[in-house]
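This briefing concerns one protein chain and is arranged by topic. Please consult the sequence and the structure alongside the text.

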Amino acid sequence: MSPFLSTRLLLSLVVCVAHVRAAGFGAALQFGVRQASSAVYSSSTVSPTATSLSSDESYNETALLSSGFIDLGKWQDAYDKAFAFVAGLTNAEKLEVITGSDLTSKNFTAVAYLDSTISPEDYFYVSTFSSSGAIAMSWDKDLAYRQFMAVGEEHWTTGYPGINGPVSNPMGRVPWGGRYAETFGPDAYLNGIFFGTANEALVATGCVVDGKHFLLYEQETNRLGGGGDFWDGAAVDVAYSSDVDDKALHETYLWPFYDGVKSGMGAVMCAMNRVNESYACENSKLLMKFLKSELGFPGMVLADVSGQKTVFGSANGGLDLGSSDFWANETIQEGLDNGTLSQARFDDMAIRNLMPYYFANLNTKSVPAEQSSQTYRNVRGNHSALIREAGGKSIVLLKNEGVLPLNKSYSVSIFGSHARAVMAGPNFAFTVEGEPDTFDGHLTTPGGSAAGSLAYTVTPWYALTSRAIEDGTMMFWVMNDTYTSTGSSEEALGFGSGTGVDPSISAYASMTDVCLVFMNAFGGEGTDRSELRNTGQDDLALMVASECNNTMVVLNVVGPRILDAWIEHENITAVLYASMLGEQSGNSIVDVLYGDVNPSAKLTYTIARNESDYSPFKICEEEVCDYTEGNYIDYKYFDSHNITPRFEFGFGMSYTTFAYGDSIDVQETANLSAGIVGGAYSVGGRAELWETVATATITIMNNGTVAGAEVAQLYVAYPGEADEPLRQLRAFDKIGLDAGAQGTATFTLRKRDLSYWNVAVQEWEVAAGDYILYVGASSRDFRAQTTLTVA
């Protein structure tokens, strides 16, 4: 959620639209940039050092941009401009900047931010794209880049050069988590690749990117504490604390933010929750040491709703943009006078607010004027075609008994409310609190601040009807999850006796060639899910399958969904599985059903057989939530406990088949050696982390009859010294091949991909020994392996 709300929204806390350029301190906050004090520091080019951060006492100094600790690289010019601007400001004017106001006397207009990376939130006449959870299932970096470019273009044209998103965290540690659809998934490497790609694309449009949520924000329950507006669960006085060890903090939860910082992320939203029992937005170790020093983040930190708790705890803790309710002129000046807040840190806050402004060259650009959310403005272009493409490439084929793709079936029956439009739409209320875990209509977007602003919805019923017209197909439908044809329920749905067929699920199912059952699972910001399966929908699938020997199930879900009630039924012949696919959802689904798109998506999380398989990861209703599993989440947990999933991480089928070569070729570079990872602290962490140390290749052949794409995945098993999970994803390559064609999948390994976090030394290190490289089609389907020895 964005912390920057209009006065009306601050009162209601229902709609999260970041109108950050509202006038005055007490209204909605604005995004500015911060600057350093000319009286204390110079703006000359920094001289980065390789000094270790193992001493906790040093990071309050190293986090100051003027200290020269970070090699700013391409951010240096922005720093020089920000420094010069702040040097000419009074403390009162600096305070205006860090509380988000314009400085008209200085010709400075604060950056306007808006949620989200699915749509410009609450605006009419905009596109609704696939969710991050969906696009990650494509495992297609180029497609993701194009989608996020389009998102950035729409935000910019709408008058918002600042974007609240993308989302890395929550990562999906908790399968019941309400915001699962917003993230790129629980694997740190995959999450980081897509988080970095999204940041890179959005920055390329000229926008300022606000990555979120920092950090360890893995559930909605008790995120505020004390029964706040979005609270759900046991009553506690404080927000929950995610307590995690240093190794897992770095190797799992911080990992994707390295990618985001490296890719030009200019702002970071600190989370509502506590981390190791200190509020995230006032946690100096989290913000000043890890983010600003270790990761070399050059931008500003802003608070999510209610994230800021105190005046000087937040300022000294690392928050850069905050509320004038806390940071008033008299209060800040008193703190500066008595030494509670240093002038250097205060100036740094101002500089950091200005860094993304200058990095995006907003001082030289003319941003389109903001207008009413209902004013027509042509921002969509041809994005509908991209959304349809992205949707089709993000649908995972979980099961196919040779029945897909369809080919001009004589008769098709459609079951389930998810196939049709919602009764009143296309959009729904911001909050999902109190709503069922299923949506009574076709679900295309999560709820909360990530909800799309749909101009229309292409439902499966609409898309299938269009196809039926072309093919001359007879269609039947019962687009309700629990309909029966007996008594009052039949009359209530308006069925008469004029169809010539008993209007019942069993009658339609028994007489049609193809039966399609549509299901969904709903969720969003504010409330966690209460179920991972739904009895009504599962019963519907079994009812249809009992009468129809060619029953296919299509699911759109916000997070993991248990399928075991019906997945092994002999009459359920195919299953399509996806996250939220946006406005073109129905077209994307039908494209895959009929083979216009050959499915190539892969799961980004593990689908268990039973809820008990996820038992360590239930919703925490305590004040302290202990992450005792460390790095072992999702498939790493399943592997370590030898639990057989229903469908493993990385799994996904195609309408063709692929054969892998027997051997993996590995070419090392001169940069590969064991030891502590060095280089200057730069934007994105130690410089050597990003060096290529090896390249692996393998031959892949499409030995089927149709063109398709395969996602080849490389997993690494580390030497014992590193104390790592059994295997972890460290590279992938999506390769398209015509029928009968052969190609090469290429995997680039950076030094960070072979590194582990040495807790004692507080540095990344490459362990000496044998690294086993596995290449295959999923986390449990390996086709070749080799050993890479590092000395």
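For the classes used below, Ala, Val, Leu, Ile, Met, Phe, Trp, Tyr, Cys and Pro count as nonpolar, while Asp, Glu, Lys and Arg count as charged, and the others, Gly among them, count as polar. On that basis, the lining of the largest pocket comprises eleven nonpolar, ten polar and eleven charged residues. The model is a predicted one. Its protein chain has 791 residues, of which 65% count as buried, and the secondary structure comes to 19 helices and 28 strands. Among contacts in the protein chain with a separation of 6 or more, 77% are between residues 24 or more positions apart.

**Largest pocket**

- The space in the largest pocket amounts to about 660 Å³.
- The lining of the largest pocket consists of 32 residues, and K141, Y189, I193, T197 and F732 are the closest to the pocket centre.
- Two or more lining residues come from each of the helices α7 (188-204) and α8 (246-262) and from each of the strands β22 (708-717), β23 (728-737) and β24 (742-750).

**Strand β22**

- Strand β22 is largely enclosed by the rest of the structure, because ten of its ten residues are buried.
- On one side of β22 the buried residues are G708, E710, A712, L714 and V716, and on the other they are A709, V711, Q713, Y715 and A717, which leaves both faces covered.
- The pairing of β22 with β23 is antiparallel and runs over nine bridges; L714 stands opposite A731 of β23.
- β22 also pairs with strand β27 (residues 769-778) in the antiparallel sense, over five bridges, and Y715 has Y774 of β27 as its bridge partner.

**Open sheet of four strands**

- The strand order in this open sheet of four strands is β7-β6-β4-β15, and the pairing is mixed.
- β7 (278-279) and β15 (624-626) are at the edges with a single partner strand each, so one side of each has no neighbour in the sheet.
- Strand β4 (residues 241-243) pairs with β15 in the parallel sense over three bridges, and S241 is placed opposite V624 in β15.

**Open sheet of three strands**

- An open sheet of three strands has antiparallel pairing and the order β18-β26-β25.
- β18 (675-676) and β25 (755-758) are the edge strands, each pairing on one side only.
- Two bridges join β18 to strand β26 (residues 763-766) in the antiparallel sense, with I676 opposite E765 in β26.
- Helix α8 packs on this sheet and touches β25 and β26, and the direction of α8 makes about 130° with that of β25.

**Helix α13**

- In helix α13 (residues 383-392), the buried residues are H383, L386, I387, A390, G391 and G392.
- These buried residues of α13 pack against α5 (132-137), α6 (141-158) and α18 (585-593).

**Residue T695**

- T695 lies in strand β21 (residues 692-702).
- With a relative accessibility of 25%, T695 counts as partly exposed, because that class lies between the buried limit of under 20% and the exposed limit of over 50%.
- Leaving aside residues up to four places away in sequence, T695 touches D665, V666, Q667, T746 and F747.
- The C-alpha atoms of T695 and R750 are 8.9 Å apart in space, and the two residues are 55 residues apart in sequence.

Key: Residues are numbered from 1 along each chain as its sequence is written. This is a predicted model: local features need pLDDT of at least 70, side-chain atom pairs count only at pLDDT 80 or more; totals for chains, interfaces and linings use all residues. Side-chain values use heavy atoms; hydrogens and water are left out. Buried means under 20% relative accessible area, exposed over 50%, partly exposed in between (1.4 Å probe, protein chains only). Contact means heavy atoms within 4.5 Å. On a 1 Å grid over the protein atoms alone, a cavity is a set of points where a 1.4 Å probe fits but cannot get out, and a pocket is an open set with protein on both sides within 12 Å along at least five of seven lines; lining residues have an atom within 4 Å of a point. Grid points are joined across faces, edges and corners, and a volume is the space filled by probe spheres set on the points. Two strands pair if DSSP finds at least two bridges between them. Axes are lines fitted to C-alpha atoms, for helices over the stretch in contact, and angles run from 0 to 180 degrees between N-to-C directions.
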